[in-house]
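Good morning, everyone, and thank you for making the time. Please have the sequence and the model in view, and follow along as I go from one residue to the next.

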Amino acid sequence: MVDLTAHTTDVMVELNRGTGNTSSTIRSGIAVLDSHVGGGIATGRIHLVTGGVGTGKTTAAFQFLRVAIERGESAALLTSSRPSDVRAGAAFAGVPIDAALREGRLVALRFRPAFTSRLANAASPRSAIDDLRRMLGALAPTRVVIDPVLPFLGDGSAMGDGLTALADLLEELGATSLLTCPGDIAQGIDRRFDGITERAATVMHLTRSGGGFALSLLRGGANAPPGGALRFAIAPRAGIIAAPDGGRAAREPQGAATTSPKSRRLALLHATDTAAPEIMEILKRDYALSVSPLAAGRLGEGDPGGGGSAIVIETHHGALEATRSFVRSAAAADGALPIIVIVRFNLRSIDRARLLRAGADEVLATDMGPTELLQRLSAAVARGHLQQSLIQYSERPLVQADVSGGRPGPLDGAAFASALAAHVAHDHPTQYTVVSLAPGR
C-alpha cells in the first residue's frame, strides 16, 4: 500500500521550497524599476522581460545578476551569446562577473546550436530540463537568468511544453528568475507562452520611446504609482539608469513617433575602392552619411567621425588587418565615438573576436537583413563607445612543454589533465583546440 501521508508531505515540502514566502520582495537590481514598484520584485518567482532588439533586455538581465554577485550568493546564466559577448555585455552594464565565474558562484551555460532541434526531436522536453538540472549540480542558485528563452519553444509542441517544463524546474529550484524574450507577446495570443506567463509574477515590456527607452509593466505593477510607461536611459558601465527627467512615469501619446535617427550622422569609412551601394542604401534609411576612404580617416587629421555620432567601417577580407589597426587607434582616442564594422561576407568567429578585442563596439554583416542590421546599429550608437578594453587576450600560440630529452612528446592522461588545469587556472587563458592523433595501421 502506498503511504499517502508520507507522499503528500514530500509534495508539500517541495511546494514550499519552490514558492517560498510569496509576500517577500527582493531588489531586481534595476533601480528605476525597484523604485517604481515599491522596493523590489517578488522573490522566488519568475519575471519575464520582452522587447525588441537593442531595448535593454540583456542589460537588465546582467543588472539582475549583479544583486546575487554583490551579496555573495550563487547564480546561473543560460545564454545564446558567445563568452566574449557575455563579458562585453557584463562590462557595459558595470557588472563584475569574472570573480564570480572563477569562484563558481556564477555558472554560465550556453545553448548549443543544435539545442532547438534536439529538443524538438526528444521524446519529452523534460530530458533537456533534466540535463540542465544536472549541469547546475549542487549550485542551488538564488537567481537564474535565461537570455533568451526562445530555444525552449523548439520542443515541437503547439502548447509550449518546453517552456512549461522549464517553469516547473525554476519553481522547483525556488530561485528568483528573469527570462528575456524578443518581441511583444502582448500584441498577439501565443499559447506556447502560457506555461511562463501564467506563473510569472512580473511581465514587463521594453521599447524605444522619444529618443530614449520606456518600460511598461504588463503585470506586477500593483505597487506602482498610476501612470504610463517608466522612462529610462542606458549608459556605458552603468546599464539601465533613470532618464534625464528622473525616470518618472509618463504616458506616450497614442501613435507618437520616436525621434528619428536622421538627426544624427554616421561617418562611413570604406576599405573597399568605393562604398558598397547596398550598404549605403540601408544606412541612408535612418542616417545622414559622410563617406570617405578608410585611408583618409587617419587620427590626428581632424575628426575621423566627420562630426557624426558614430564611425562605421565597411571592410573586406584583404583589409581586416588594416581595419583592426584603425579600430585600435580610434578606440584609444579621447572621446572616441562608437565604432561599428560592417562586412558583406561570412566573417570567421576569430576575425570578429579580434575586431571586438581591438575596440570595435559591434560587428555586423549584411546577410542578417536590413531591419536587424539597423536595429543593432542603432543599439550600438545608443550605448556609446566602451572606453576601456574589456579583456587583454593573448594571441600567442600554445606550445607543448618538453617532456623528455628536451623534445616535446605525447602526454599520458594524468599529465594532460595537469597541464590543462594549469592553463585554465590563469585569468582569460588563450583559446585552444584539442586534437587527438593515432598512428596509422
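Predicted model: local features only at pLDDT ≥ 70, side-chain atom pairs only at ≥ 80, totals over all residues.

Let me begin with Pro-125, which sits in the loop between α6 (115–121) and α7, where helices (H or I, at least four residues) and strands (E, at least two) are DSSP runs, numbered from the N terminus. Pro-125 has a relative accessible area of 15% and is therefore buried; buried means under 20% relative accessible area, exposed over 50%, and partly exposed in between, with a 1.4 Å probe and protein chains only. Along the chain Pro-125 and Gly-162 are 37 residues apart, and their C-alpha atoms are separated by 5.2 Å.

Residues are numbered from 1 along each chain as its sequence is written, and side-chain values use heavy atoms, with hydrogens and water left out.

Now to the charged residues. Side chains of opposite charge can pair when their charged atoms come close. How many salt bridges does a search of the whole structure find? The search gives 16, a salt bridge being a side-chain nitrogen of Lys or Arg within 4 Å of a carboxyl oxygen of Asp or Glu.

In helix α7 (residues 126–136), Arg-133 and Asp-130 are 3 residues apart, which means that about one helical turn separates them, and their side chains form a salt bridge at 2.5 Å, N to O. Arg-133 is partly exposed at 29% relative accessibility, and Asp-130 is also partly exposed, at 31%.

Another salt bridge joins Glu-314 and Arg-344, whose closest N and O atoms are 3.6 Å apart. This pair links distant parts of the chain, since Glu-314 belongs to strand β15 (residues 310–315) and Arg-344 to the loop between β16 (339–343) and α12, 30 residues apart. Is Glu-314 buried or exposed? At 0% relative accessibility Glu-314 counts as buried, whereas Arg-344, at 43%, is partly exposed.

Salt bridges that share partners also connect Arg-82, Asp-85, Arg-352, Glu-362 and Arg-376 in one network. Within that group, the side chains of Arg-352 and Asp-85 meet at 3.4 Å, N to O. Arg-352 counts as buried at 12% relative accessibility, while Asp-85, at 23%, counts as partly exposed.
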